[in-house]
Amino acid sequence: MAKDFLTYEEQIDHLVNDKKIACDNQSGRNILCKNGYFNLVNGYKEPFVQGKDSNNAHIYIGGTTIENLYSVKKFDEELRLCLLRYITKIEE
């Protein structure tokens, strides 16, 4: 099933109203523009999910922000680079 395209403002509204993820409009918009909704939310939501509701939708830990998701993404990127550096040395 195809999903409709949402503008950044609509994505922010979806995060705030449906997912209950706090998202300041300007900083949230900047994070979404640079990282993409799917990559950020679907890729890094797991540490913040506390369960599912009766409609099988994720329930997020209260107080979760888009900045929290972005911080986990940045940590993941830094860890990958660190590991890659040492894996490359081992291969040599």
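Tutor: Before we start, a residue is called buried when its relative accessible area is under 20%, exposed when it is over 50%, and partly exposed in between. Keep in mind that this is a predicted model.

Student: Okay, is cysteine 23 buried or exposed?

Tutor: Its relative accessible area is 11%. The cut-off for buried is under 20%. So cysteine 23 counts as buried.

Student: And which class does cysteine 82 fall into?

Tutor: Cysteine 82 has a relative accessible area of 31%. Buried needs under 20% and exposed needs over 50%. That value sits in between, so cysteine 82 is partly exposed.

Student: How many disulfides are there?

Tutor: A pair of cysteine sulfur atoms has to be within 2.5 Å to count. By that rule, the number of disulfides is zero. Take cysteine 23, which is in no disulfide: the nearest cysteine sulfur belongs to cysteine 33, at a distance of 11 Å.

Student: Where on helix H3 do the buried residues lie?

Tutor: H3 covers residues 37-44, and its buried residues are Tyr37, Leu40, Val41 and Tyr44. Looking down the H3 axis, they fall within an arc of 120°, so they line one face of the helix.

Student: Which elements cover the buried residues of H3?

Tutor: We look for elements with heavy atoms within 4.5 Å. The cover includes helix H1 (8-17), helix H2 (25-35), strand S2 (58-60) and helix H4 (66-91).

Key:
Residues numbered from 1 in each chain as written. Predicted model: local features only at pLDDT ≥ 70, side-chain atom pairs only at ≥ 80, totals over all residues. Heavy atoms only, no water. Buried < 20%, exposed > 50% of the residue type's maximum accessible area, 1.4 Å probe, protein only. Helix = DSSP H or I, 4+ residues; strand = E, 2+ residues; numbered from the N terminus. Arc of directions from axis to C-beta.
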